[in-house]
Amino acid sequence: MARDPLLTFTDRGIFCPAGDFHIDPWRPVERALITHGHSDHARPGHGAYLATEGSAPVIRYRLGDIRLKTIRYGETRRIGSVTVSFHPAGHVPGSAQIRVERDGEVWVVSGDYKVAEDGLSEPFEPVACHSFISECTFGLPVFRWKPQAELAAQLNRWWAANAAEGRTSIVGAYTLGKAQRLLVSADLSIGPILTHGAVEATTAVLRAQGLALPPTTHVAPGIDGKSHPGALVIAPPSALGTPWATRFGPAAEAFASGWMALRGVRRRRGLAQGFVMSDHADWDGLNAAIRATGAERIFVTHGYTAIFRRWLEDQGFEAGIVATEYEGESLDAAEAEAGPLIEPDAGAEAVEGAAPEEGAAEADPATDEAAPAEGKPRRRRPAAGNART
Ligand SMILES: [Zn+2]
Ligand SMILES: [Zn+2]
């Protein structure tokens, strides 16, 4: 007798019929297992939540009074007739892949992940499985990240040069994960670090749970380029180029994102400097992670899904595309509007002009100042996010 597949794909999200729970659902459900605290994965309105101990504080901070139980990495829990466990995804502190097992059959939902260590997040751990649901935000060979030490050196050279010329250095970065990764990369001998309120608030949550993060000063009234000359300012991407940023006087602005690998994106944003820094796996990372699972069946979601699926099929995998409402690593809507659509057969040349997914999905909803990037209209690209039947 044929049974339900272990995981199914519904309009509410990834569903496990045998356990009666969803994973990172985007519409309200009874029971949700949450991979991490970014707003496209941890959404409000579910009856009950289960997440790792390391991601729980930020999920509570963002979603308020919810019924949330926690689980340790590697701990197993029986739900219905399946066993679940959470394993480090290396994406942001506390982030997890979720393993689901029934009678020896194993599926893993990657959530967002990256393979390279960032000096902050628990390192990615390959989990053996039969079926792997993988994000592929940066699933093209043009996306290759430099090691963390090299990125840190690049950041500090830029900051020191700006400070020497009397300019403030402002970097746009997601408030959860990348902002703290910049903090641990910064050379404190160069100058002070200032934070936008949204970055400061999330950083405070992570500090309170024990992460060793350097001291920061919240940009309150009276804090500006005069009070803190030569500062490094970390702000949500949407705060760049706004009146909020003018208080720092002469300043250099940069954006930390995997999309900075694309010249066209840097050019359109008028950025002299971009840090190619992502919390998602690059091309090599995706391929290494997928092979390490030993899975024969791969489902890909958010990103260059059509291209990446075909690549996987060429490599001998059984591969499918899952339409989800996760949004990968986003720039803002203006950027998306300016970008031509990428065609399924586009090579690296065409990719130079490709735009990232729209909507600042991983911006912090709990901003107290600028950062007006929530709730942008969504627009689908033909090459990404479309389900194949
Ligand atoms: Zn994420
Ligand atoms: Zn995501």
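Trainee: Which strands does helix α7 lie across?
Mentor: Helix α7, residues 283–293, lies across β11 (131–136) and β18, and it runs at about 170° to β11. Helices (H or I, at least four residues) and strands (E, at least two) are DSSP runs numbered from the N terminus, and angles, from 0 to 180 degrees, are taken between N-to-C directions of lines fitted to C-alpha atoms, for helices over the stretch in contact. Keep in mind that this is a predicted model, in which local features need pLDDT of at least 70 and side-chain atom pairs pLDDT 80 or more, while totals for chains, interfaces and linings use all residues. Residues are numbered from 1 along each chain as its sequence is written, chains are lettered from A and ligands numbered from 1 in the order written, and side-chain values use heavy atoms, without hydrogens and water.

Trainee: And what does helix α8 touch?
Mentor: Helix α8 (residues 305–314) packs on the sheet and touches β11, β18 and β19, where contact means heavy atoms within 4.5 Å. The direction of helix α8 makes about 160° with that of β18.

Trainee: What's the strand order in that sheet?
Mentor: The sheet is open, with seven strands in the order β7-β8-β9-β10-β11-β18-β19 and mixed pairing; two strands pair if DSSP finds at least two bridges between them. Its edge strands, each pairing on one side only, are β7 (76–79) and β19 (318–321), and the twist averages 25° from one strand to the next.

Trainee: In which sense do β18 and β19 pair?
Mentor: Strand β18, residues 297–303, pairs with β19 in the parallel sense over four bridges, and F299 stands opposite G320 in β19.

Trainee: Switching to metals, which residues coordinate the zinc ion (ligand 2)?
Mentor: D40 (OD), H41 (NE2) and D112 (OD) coordinate the zinc ion (ligand 2) at 2.2 to 2.6 Å. Donors are N, O and S atoms within 2.8 Å of the metal (3.2 Å for Na, K and Ca), and water is not among the atoms, so sites may look incomplete.

Trainee: How are those donor residues spaced in sequence?
Mentor: For the zinc ion (ligand 2) the spacing is D-H-x70-D.

Trainee: What does D112 bridge?
Mentor: D112 bridges the zinc ion (ligand 2) and the zinc ion (ligand 1), which lie 3.6 Å apart.
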